[in-house]
Amino acid sequence: MTGFDVIVIGAGHAGCEAALASARRGLKTAMITTNTKHIAYMSCNPAIGGLAKGHIVREIDSLGGQMAVNTDLSTIQFKRLNTKKGPAVRASRSQCDKEIYSKNMAQTILQEPNLLIVEAEVKKLIIKNDKCIGVVNHDGAEIFAKATIVTTGTFMNGVMHIGKVQKQGGRVGDKASVGFSNQLKELGFKVTRLKTGTPARIHKDSIDWEKTIEQPGDDVFYPFSRKIKNLTLSQVSCFLSYTNEKTHQIIRDNLDKSPMYCGIIEGVGPRYCPSIEDKVVRFADKERHQTFLEPEGLNTDLIYVQGMSTSLPAEVQEEFLKTIAGLENVKIIRPGYAVEYDFIHPTQLKRTLETKQIEDLFLAGQVNGTSGYEEAAGQGLIAGINAANKILMQEAFILRRDQAYLGVLIDDLVTKGTTEPYRMFTSRAEYRLLLREDNTQERLLSEGHKIGLVSNQEMVDFEEKQKNINQVIEKLKSSIIVPSKANLDILQTLNTAAIVKPTTHEELLRRAELDFSHIEKLNPELATLDEEIKEKVEIRSKYEGYIKKQMELVEQTKKLENFKIPNTVDFNSIIGLSTEEKEKLSALRPETVGQASRISGVNPSAIQALIINLKGKQKIRDLAI
């Protein structure tokens with residue numbers, strides 16, 4: 001077959017972003033998948049976003065990716081989380097129509113002129129002189145490329161478990177990729193097992209909805225993508241119910257039939273998305289656990305039983321589900337199951353997501369030990385960008401920890417590694433006040449433009465919006481109210497303290513008890529502003545001092561982050577390092593001193609010794625320690 005610039009193995013969320021990122025740069029790209037009907041398929045909950053994950057989706061959008069657009073166009077319920085908390089932890093979540101999501105992404109890919117979909121199973125990589133130059137398909141066909149991106153998700157040696165019944169596969173309806181990870185082991189990669197799971201899907205007509213608690217979506221929609229303004233699909237409710245002691249007792253009585261508790265499954269499961277068996281065992285003091293009944297789409301009878309992931313036998317699943325209010329007559333369409341699969345330890349990757357052992361081979365998504373559609377898509381985008389950059393002889397694209405959650409995600413993976421499915425949280429970011437949903441475009445849109453995935457017109461529109469925001473802030477700073485009786489009466493109705501001297505509108509907006517809607521009462525002209533502009537202005541005004549302090553911390557650490565470590569450095573020869581520190585630094589080969597400082601077991605004294613050694617060799621001056 002004719003050669004390509006880039007080969008992407010897999011058509012999940014990581015594969016789609018990787019393929020589009022390279023193809024939109026003008027590179028001839030092949031995306032190889034075993035099932036063209038399951039492109040960007042949501043094999044678990046058909047929801048996008050949530051805490052920190054929603055931030056990542058917006059970051060993908062600002063860098064020119066596709067997930068945010070696709071999410072907005074398939075949303076059937078939108079909710080904004082943590083609205084009463086600070087802006088750093090506010091997050092968006094969309095329940096999506098899984099069929100529409102998949103079809104929209106497939107259509108986008110089919111319309112991309114530089115992207116070809118190949119339905120085949122990749123059996124092995126073609127390696128020559130420690131470089132990946134292509135792949136061999138199941139029929140023996142060889143496809144060559146300048147870069148290859150592996151996004152195999154949960155399919156490498158994937159095994160599905162329902163009770164003690166096992167079947168090869170990465171999800172229902174799709175077979176596993178067998179033998180591929182064996183080659184990676186032979187190439188020297190550390191490969192071990194992880195586990196994930198999914199709950200039963202039940203028929204909507206078998207639910208007594210009156211016994212559940214309705215959970216409607218929000219009235220106000222905040223699009224994930226800058227390109228989308230309004231919802232396009234009908235909106236639906238989700239519903240809440242709870243387990244009880246009877247549910248828990250049935251599960252406890254059948255733990256011997258769970259593959260996790262009888263030694264069949266060896267892989268480590270997700271800590272922050274445990275199965276119902278894990279919840280009952282680990283949180284034995286809890287009288288109940290909540291479950292959300294979430295529709296999988298507008299034109300399907302399937303309901304996703306969120307929070308009830310399980311690998312117990314189907315008959316046991318039916319028994320315990322029938323103890324939950326509203327599910328007494330439940331009809332299971334597809335039982336829940338666990339999936340055990342191979343993953344590559346991500347410390348074997350560079351920050352570009354290229355492997356250290358094999359040149360021109362990139363890994364992205366769950367194959368790197370992550371969980372979640374959003375984490376996978378973000379990695380796919382970064383891998384696609386860097387594969388293209390390398391082919392186009394451009395510098396590597398690396399996001400800093402203070403720049404994006406994607407920077408935090410990748411730095412955590414390649415520096416610290418993971419022994420369980422990695423999930424992003426806002427608490428993982430030390431500069432989370434700088435990494436808000438509302439300022440994603442300010443942080444990353446110009447980066448997407450430099451890469452070539454954001455158009456000139458999009459940058460013009462963004463700069464015009466920024467101009468408008470700055471004008472509103474200046475207006476608030478120059479608008480002054482005096483302590484007249486009329487103004488004091490207005491402040492009293494707003495339940496805020498009186499003023500004793502002329503005060504600007506911006507100073508009032510900084511008060512914790514006031515928001516932009518209160519300032520509008522003092523200046524009705526502000527009411528006509530776009531809601532997005534109001535929010536951005538309010539956040540910048542209220543948190544200016546805190547943001548400034550975090551920026552100062554960022555500047556202090558940038559010197560370490562920019563202090564590169566040559567790949568020729570012999571850590572064993574550096575005086576002042578312990579044996580453990582030498583071993584870890586030699587094994588992980590950090591690219592910067594900042595990255596080295598985040599390796600577990602590498603102490604501050606070791607970083608001092610490393611800097612002294614490097615300064616002596618590189619004659620680097622003026623480095624603040």
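Helix 10 covers residues 405-416 of this predicted model. Helices are DSSP runs of H or I with at least four residues, strands are E runs with at least two, and both are numbered from the N terminus. The expected span of a helix is 1.5 Å times one less than its number of residues. For the twelve residues of helix 10 this gives 16 Å, and the end C-alpha atoms lie 16 Å apart, so the two values agree. Residues are numbered from 1 along each chain as its sequence is written. Because the model is predicted, local features need pLDDT of at least 70, side-chain atom pairs count only at pLDDT 80 or more, and totals for chains, interfaces and linings use all residues; side-chain values use heavy atoms, with hydrogens and water left out.

Eleven of the twelve residues of helix 10 are buried, so the helix is largely enclosed by the rest of the structure. Buried means under 20% relative accessible area, exposed means over 50%, and partly exposed lies in between (1.4 Å probe, protein chains only). The buried set includes Y405, L406, D411, D412 and T415. These buried residues pack against helix 2 (53-62), helix 9 (373-391), helix 11 (440-451), helix 18 (579-588) and helix 19 (593-597). Just after helix 10, G417 takes a positive phi of about 70°.

Helix 2 contains K53. At 8% relative accessibility, K53 is buried. Contact means heavy atoms within 4.5 Å. Leaving aside neighbours within four places in sequence, K53 is in contact with S371, G372, E374, E375 and R423.

Positive phi values also occur in residues other than glycine. One is A40, with phi near 50°. A40 lies in the loop between strand 2 (29-33) and strand 3 (47-49). Its relative accessibility is 0%, so A40 counts as buried. R589 has a positive phi of about 45° and is not a glycine either. R589 sits in the loop between helix 18 and helix 19. At 25% relative accessibility, R589 is partly exposed.

In soluble globular proteins, nonpolar side chains tend to be buried together. A nonpolar core is here a set of buried Ala, Val, Leu, Ile, Met, Phe, Trp, Tyr and Cys residues joined through side-chain atoms within 4.5 Å. The largest such core holds 87 residues, and I39, L184 and L406 touch the most other members. Helix 9 gives the largest share of this core, ten residues. Beyond neighbours within four places in sequence, I39 is in contact with A11, C16, M31, S102, M105, A106, I109 and I117. Another core lies apart from the largest one. This other core has 20 residues, among them A200, I202, F239 and V305.

F239 also takes part in ring pairing. Rings of Phe, Tyr and Trp (its six-membered ring) pair if their centres lie within 6.5 Å; planes under 30 degrees apart count as stacked, over 60 as edge-to-face and the rest as tilted. By this rule there are four aromatic pairs. In one of them, the rings of W209 and F239 have centres 4.7 Å apart and planes at 50°, so the pair is tilted. W209 lies in the loop between strand 13 (201-203) and strand 14 (213-215), while F239 lies in strand 15 (residues 238-242), so the pair ties together parts that are 30 residues apart in sequence. W209 is partly exposed at 28% relative accessibility. F239 is buried at 17%. Y543 and Y546 form another tilted pair, with 6.3 Å centre to centre and 50° between the planes. Y543 is partly exposed at 21% relative accessibility, whereas Y546 is exposed at 52%. Ring pairs also link F78, F221 and Y222 into a cluster.

Charges sit over two further rings, those of Y242 and Y422. The criterion is NZ of Lys or CZ of Arg within 6 Å of the ring centre and within 35 degrees of the ring normal. R288 lies over the face of Y242, at 3.5 Å from the ring centre. R428 lies over the face of Y422, at 4.1 Å from the ring centre.

A search of the whole structure finds zero disulfides. A disulfide is a pair of cysteine sulfur atoms within 2.5 Å. For C96, the nearest cysteine sulfur is that of C238, 11 Å away. C96 is buried, at 0% relative accessibility. C44 is partly exposed, with a relative accessible area of 24%.
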